[in-house]
Amino acid sequence: MFRHMQNSEIIRKMTEEFDEDSGDYPLTMAGPQWKKFKSSFCEFIGVLVRQCQYSIIYDEYMMDTVISLLTGLSDSQVRAFRHTSTLAAMKLMTALVNVALNLSINMDNTQRQYEAERNKIIVKRANDRLELLLQKRKELQENQDEIENMMNAIFKGVFVHRYRDAIAEIRAICIEEIGIWMKMYSDAFLNDSYLKYVGWTMHDKQGEVRLKCLTALQGLYYNKELNSKLELFTSRFKDRIVSMTLDKEYDVAVQAIKLLTLVLQSSEEVLTAEDCENVYHLVYSAHRPVAVAAGEFLYKKLFSRRDPEEDGILKRRGRQGPNANLVKTLVFFFLESELHEHAAYLVDSMWDCATDLLKDWECMNSLLLEEPLNGEEPLTDKQESALIEIMLCTIRQAAECHPPVGRGSGKRVLTAKEKKAQLDDRTRITELFAVALPQLLAKYSVDAEKVTNLLQLPQYFDLEIYTTGRLEKHLDALMRQIRDIVEKHTDTDVLEACSKTYHALCNEEFTIFNRVDIARSQLMDELADKFNRLLEDFLQEGEEPDEDDAYQVLSTLKRITAFHNAHDLSRWDLFGCNYKLLKTGIENGDMPEQIVIHALQCTHYVILWQLAKITDSSSTKEDLLRLKKQMRVFCQICQHYLTNVNTAVKEQAFTILCDVLMIFSHQIMSGGRDILEPLVYTPDSSLQAEMLSFILDHVFIDQDDDNNSADGQQDDEASKIEALHKRRNLLAAFCKLIVYTVVEMNTAADIFKQYMKYYNDYGDIIKETMSKTRQIDKIQCAKTLILSLQQLFNEMIQENGYNFDRSSPTFSGIKELARRFALTFGLDQLKTREAIAMLHKDGIEFAFKEPNPQGESHPPLNLAFLDILSEFSSKLLRQDKKTVYVYLEKFMTFQMSLRREDVWLPLMSYRNSLLAGGDDDTMSVISGISNRGSTVRNKKTKPATGKRKLPEAEESSSSDSMWMNREQTMHTPVMMQTPQLTSTIMREPKRLRPEESYMGVYPMQPEHHQPPLDYNTQVTWMLAQRQQEEVARQQQERAAMNYVKLRTNLQHAIRRGTSLMEDDEEPIVEDVMMSSEGRIEDLNEGMDFDTMDIDLPPSKNRRERTELKPDFFDPASIMDESVLGVSMF
């Protein structure tokens, strides 16, 4: 082929023989064998050049031929040729660069030998050797010139054109290889003439190409010897590299940060403070690889430098150690970043690169406990708080060995080395802080924030060391400090931290359990006794409660509630005390809100602990009855507090009620726990109504109307977000009751109707509730949706009256909501068939529910609702549209069907929506005429060979769908006897189309007894019948004439071009009726166009199109006999 054909002819022949239909070729095909093929293909090119580098590549034939062919193929419009040839050319270029590098080295060696020989004295100089060296240098120079010519041909013929190819993979190949050239042969390629291509391509739209640019540059910046050649490039493209740290592709952002780290190491003056700050804040990124890369950059910039005088104190520990200043720097950075709630993310970002610094807990401890040295500035209060928080995060990271929430996909399995490091770290933590923690608590006992963080440290202790290390006295000191903190503080966070610490230490597996349990019991005895004593005095006072007594009761109740959250305090019988307190609050109505809130929470914990006890152990019937009584009494109390004047109290009561109703619902018996059946509690209608009223009054409100902020800072953006988050939780709690059928599903109607108005705030919650309720009961969910629309319609009537404007924003909003509801039913109409039908049934009944007091000549009061209901008509199957239409006629009078005034437009539009998409024979319900009895397609259809069985009426049976029985739909004044000669059912010899066979699902009854009509009505109906028959006959004649013309034209076309359909026995009508788009495709197939659309598969030919599957988006193709045979009712 190479001997007898030119490259252009070869490429043309390859293009003609290549099959583009599949679009696959080895470089793009998946699988290990094709990946191996790609690597082997690249390796083959390198080995070929390496084996031929001494002679064959200089024969002016092989390389010239290969380069010429690859250059031609790389410009092909066929993607497979262009991709493969570009890869081959780039790998060939890389191999030639390696040859050129070897030639350059050999030339330098030869030149050095020649200079050495020439500098010898004349006596020792060997002239023969000088001539040989000169000859060798000349040959090497010639070879190098030839290699450079080859490389120039490839670079200018392939790279310059393909580095901006339309295919990202080809562009990535070019950039990857030029990076190798510049790194391998920097003397020839590392200059601005080649670097500019990498810089330009950093703006590429595809992430994989930008990624190749960054990895190519990393290989250059890693070598510090090349930094001088990169100065101009760095100054030109530095801003682009910095901006790529925020790339939407995380892999690109990671490599950009790593590249900046290499730039920082090469020269610190290049990056400005602003450039560095753009990278600093990425340590708080949720994507861990980005954060880790930014953490390494931060560490290299701020923590890796050490002053020379620090070399003498490397062996010191604590405050005088080398890490003291670095820890302070870390604290300063954390405070300046102003993200004080994300210390865990900062620690995780630097964990891999600064482990020794972050695990220097001795240094951190000494900075907190020891006095500052002479001339050293002490830490401020904020700095101490930040240091304690960072120290806690490092301890948690070391003990748990997994990143914080949001940074990882889950807990991974630790290796043996990691497990050993984890155990060693926990041992170090326990040995250090078992002694230091009591001292830290004593120093910062009055600071709530510091104490809260310090009290979390025992959760990560190895408690066995308290015994093996003889540290019991330090445990006692810790217990005393926690006791003092409980007595000093009333802050909820501090008290809960103390409770969690006791819970962590009260582990029965360790020998210290008895010691801690005794301390906990003594503390709770004192708190319970104090609470009973204070409560007795507090409730006995006839006058208004004293503020000091109320404060004492509240502070004690807070402590008990915090401990009851994590500890079982059932033996102190706290239910009775709290019940008295709450009962008094209901009777008097002057109980302080915080006391009520904490009393409700404490009582909730009492009930939950009793339920846990009954579930875990064998319980008696008395225990069940007692818990049942307490639970129901508590629900009644919460129901009373739902009407409290204080919003915080109502929110607490509502939240607890949702939790209790969910816990004690029918779900409690799941898992074989039938013994708990007496505890099942179903809320009555009054409780459901009050909870729903609470949701409507406190959740579905405007942001400006919510004035629940305790500090009165509602204008603050953070407080608005927090208030919205609280309202979302309240709504989600109630929706959970709906989803789990704890409350009636129809209560969701008041929530669903808010979908559009509060879409931005609660749209996701409401939509998910719709989805879950539809999975439970499709029909009831549909009834709930239509009920919500009815409620909105009634509200509009109350505001505007019955003579409202149907173009008003309110009515348009209801229609838009109905449209949104219809979209939630999806595309599978068979699954939602009964639900949609029930929805239309309820909607029709509502529209005709209220007759007009002015008489039948005026529309029903709710008739405009049919305009809203028409939004759901598209979700009906064709045969169901007919059934719904018949049901609509039950509510219509003869006069209604003749009305054409504007007030009757909703009825007309709804009727049209039911008739749309179906055949005109649906009109036979009124006219008795099928206007499309004979169509073009029916004339082509062959008569049926056997009798077709129509579905029987008995198949359509359903408890909720008897309203659609065809036998009951004929007794309407507008319906007359259907003439037998025009019924499609009577035409047995002609095979029915799917669209015409709907009447078989609901067969017409030929005989019915109707009340006699007056003479004028009968005459009017007969005249209308004759007029419609005449119109139908004329339409049939026109259709037949058009068909004959089409068939004649088709036959003439076949005679003129028999090659198109030479195997067809007769023309296909469907081909003649193709769309204009299809005809244009057929015309284009016979013409040869030059096109740049190299990636599109060729169009199908005429015969292939006839074998294609039917269009499943065409209603006529999906409504086959199998679907029609499914009876709905």
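User: Which loop is T741 found in?

Analyst: T741 is in the loop between helix 31 (717-739) and helix 32 (749-752). Bear in mind that this is a predicted model.

User: What is the phi of T741?

Analyst: Phi of T741 is positive, about 55°, although the residue is not a glycine.

User: Why is T741 called partly exposed?

Analyst: Its relative accessible area is 38%. Buried would need a value under 20% and exposed one over 50%, so T741 at 38% ends up as partly exposed.

User: And what makes R470 exposed?

Analyst: R470 has a relative accessible area of 70%, and over 50% counts as exposed. R470 is found in the loop between helix 21 (464-468) and helix 22. Phi of R470 is near 55°, again a positive value in a residue other than glycine.

User: Why does T584 count as buried?

Analyst: The relative accessible area of T584 is 18%, and the cut-off for buried is under 20%, so T584 is called buried. T584 lies in helix 26 (residues 574-588). Not counting residues up to four places away in sequence, T584 touches L539, G589 and M591.

User: How do you know that F233 is buried?

Analyst: F233 has a relative accessible area of 3%, and anything under 20% is buried. Its place is in helix 10 (residues 231-243). Leaving aside neighbours within four places in sequence, F233 is in contact with D192, L195, G199, M202, L217, Y221 and K238. As for V198, 35 residues away along the chain, its C-alpha atom is 9.9 Å from that of F233.

User: Let's do rings. How many aromatic pairs are there in the whole structure?

Analyst: The search finds 36 of them. In one of these, F159 and Y163, the ring centres are 5.7 Å apart and the planes are at 10°.

User: Why is the pair F159 and Y163 called stacked?

Analyst: Two checks. Ring centres have to lie within 6.5 Å to pair, and those of F159 and Y163 are 5.7 Å apart. Planes under 30 degrees apart count as stacked, and here the angle is 10°, so stacked is the word. Both F159 and Y163 are buried.

User: What makes Y185 and F189 edge-to-face?

Analyst: The planes of Y185 and F189 are at 65°, and over 60 degrees counts as edge-to-face. Centre to centre the distance is 6.3 Å, against a limit of 6.5 Å. Y185 counts as buried at 9% relative accessibility, and F189 does too, at 3%.

User: Which residues form the aromatic cluster?

Analyst: F155, F159, Y163, W181, Y185, F189, Y194, Y197 and W200 form one aromatic cluster.

User: How do you know that the charged end of R137 sits over the ring of Y114?

Analyst: The distance to the ring centre is 5.3 Å, and a charge over a ring has to be within 6 Å of the centre and within 35 degrees of the ring normal. R820 lies over the face of Y759 at 5.7 Å from the ring centre.

User: How many helices and strands are in the protein chain?

Analyst: The protein chain has 48 helices and zero strands. Of its 1129 residues, 45% count as buried.

Definitions and conventions:
Residues are numbered from 1 along each chain as its sequence is written. This is a predicted model: local features need pLDDT of at least 70, side-chain atom pairs count only at pLDDT 80 or more; totals for chains, interfaces and linings use all residues. Side-chain values use heavy atoms; hydrogens and water are left out. Rings of Phe, Tyr and Trp (its six-membered ring) pair if their centres lie within 6.5 Å; planes under 30 degrees apart count as stacked, over 60 as edge-to-face and the rest as tilted. Buried means under 20% relative accessible area, exposed over 50%, partly exposed in between (1.4 Å probe, protein chains only). Helices (H or I, at least four residues) and strands (E, at least two) are DSSP runs, numbered from the N terminus. Contact means heavy atoms within 4.5 Å.
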